[in-house]
Amino acid sequence: MSKRDFYEVLGVSKTASKEEIRKAYRKLSKQYHPDLNKEAGAEEKFKEVTEAFETLSDESKRANYDRFGHSDPNQGFGGFGGGFGGGSADGFGFEDIFSTFFGGGSTRRRDPNAPRKGDDLQYTMTVDFMEAVFGKETEVEIPREETCDTCDGSGAKKGTPVNTCSHCSGTGQISVTQNTPLGQMVNRRTCPHCQGTGKIIPEKCNTCHGSGRVTKRKKIKVTIPAGIDDGQQLRVSGQGEAGVNGGPAGNLYIVFRVKDHESFVREGDDIFLEVPVTFPQLALGDEIEVPTVHGNVKLKVPAGTQTGTNFRLRGKGVKNVHGQGQGDQHVILKVVTPKKMTEKQKELLREFASIGGNSPDEYSSSLFDKIKRTLKGD
């Protein structure tokens, strides 16, 4: 099955900027992340989106992709998407067609002992609201496969040899020839004697039992960037599972889950906070102290402010995780109705109600001045 165009996968144009690609990836990775989306096919879509982003966010990889697409110019007919490659190790491939019609076939085989990159790992980390806002240094402990120290990855007992498989001559594959009306058909399958490794180990290592790899718990230092948001992920290069046959290690992807705060609500890089106030504070005006993630600040409330009014405190929000500025804090004032009042307070409110009439439209500026004096007790 051919791969979709990477630009199509992310839903961006071929002239998209790095920021547009990053925004598209952030949206889609959150939509299809397996921890958030349990629908069938979500994990495959997440992997497809991640692969597209890793290619298009890298200038050299993107330039190569724009020129050659999914085809790798260094591998003949093969490539990123498979193309006319050698086919499945257990099935019928392009080489078999050559064998059928031309009696020979391609001599190109996948070397089972060639270096291969280790698998990527994913770790979900839960952090407090303030830790996400300001970042922190921490450690994570993950289980991962590493090269066995006892046998140095050979899988053999110390001092004993590793032999080349005599059945497949070290290729990891065996050929089964069948006669058909069209001629001979050659089908290549994984060698059952060495399980495709091309090696036979007479005496296996007692630690890894011949695999050359062991699972260990590894502590890794991680810097949580300031401004990280719920659902975003951080790539820690080279901290995935160890490579095979001397290949490079995979990467570790940390997906963040941010706990809710008891007062602050975050939307992007902005923070929202509801502050309870009394009716006299809004009617007469006041200067109040409001909390922000950066500490308390003074806020001047003009006389006649309505409940639900939003005051913007510029630069008091969250630092953008990509270094693109700082968010704001929004303070929404809400009138709190007292549940218990003294007789004096009740008397003043009754007087206020009798002065004010039945409709908000009946208040005049002179009446408002009289209300001020009443509330002050003059």
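## Helix packing and a pocket

Helix 2 and helix 3 are roughly antiparallel to each other, a term for angles over 145 degrees. The model is predicted: local features need pLDDT of at least 70 and side-chain atom pairs pLDDT 80 or more, while totals for chains, interfaces and linings use all residues. Residues are numbered from 1 along each chain as its sequence is written, and side-chain values use heavy atoms, without hydrogens and water.

**Exercise 1.** Describe how helix 2 packs on helix 3.

Step 1. Helix 2 spans 18-32 and helix 3 spans 42-56 (DSSP runs of H or I, at least four residues, numbered from the N terminus; strands are E, at least two).

Step 2. Their axes lie 9 Å apart at an angle of about 165° (lines fitted to C-alpha atoms over the stretch in contact, angles from 0 to 180 degrees between N-to-C directions).

Step 3. From helix 2, Ile 21, Arg 22, Tyr 25, Leu 28, Ser 29 and Tyr 32 meet residues of helix 3, among them Phe 46, Val 49 and Phe 53 (heavy atoms within 4.5 Å). This contact has nine nonpolar, two polar and three charged residues (Ala, Val, Leu, Ile, Met, Phe, Trp, Tyr, Cys and Pro are nonpolar; Asp, Glu, Lys and Arg charged; the others, including Gly, polar).

**Exercise 2.** How are helix 3 and helix 4 oriented to each other?

Step 1. The axes of helix 3 and helix 4 (residues 59-68) are 6 Å apart, and the angle is about 105°.

Step 2. The pair is therefore roughly perpendicular (65 to 115 degrees).

Step 3. Glu 54, Thr 55 and Leu 56 of helix 3 meet Lys 61, Arg 62 and Tyr 65 of helix 4. By class, two residues are nonpolar, one is polar and three are charged.

**Exercise 3.** Which elements line the second largest pocket?

Step 1. Helix 2, helix 3 and strand 8 (233-236) each supply at least two lining residues.

Step 2. Helix 2 gives the largest share, six residues.

Step 3. The lining has 23 residues, with Arg 22, Tyr 25, Phe 53, Gln 233 and His 322 nearest the pocket centre. Eight lining residues are nonpolar, seven polar and eight charged. A pocket is an open set of 1 Å grid points where a 1.4 Å probe fits, with protein on both sides within 12 Å along at least five of seven lines; lining residues have an atom within 4 Å of a point.

Note on methods:
Parallel < 35°, antiparallel > 145°, perpendicular 65-115°, else oblique.
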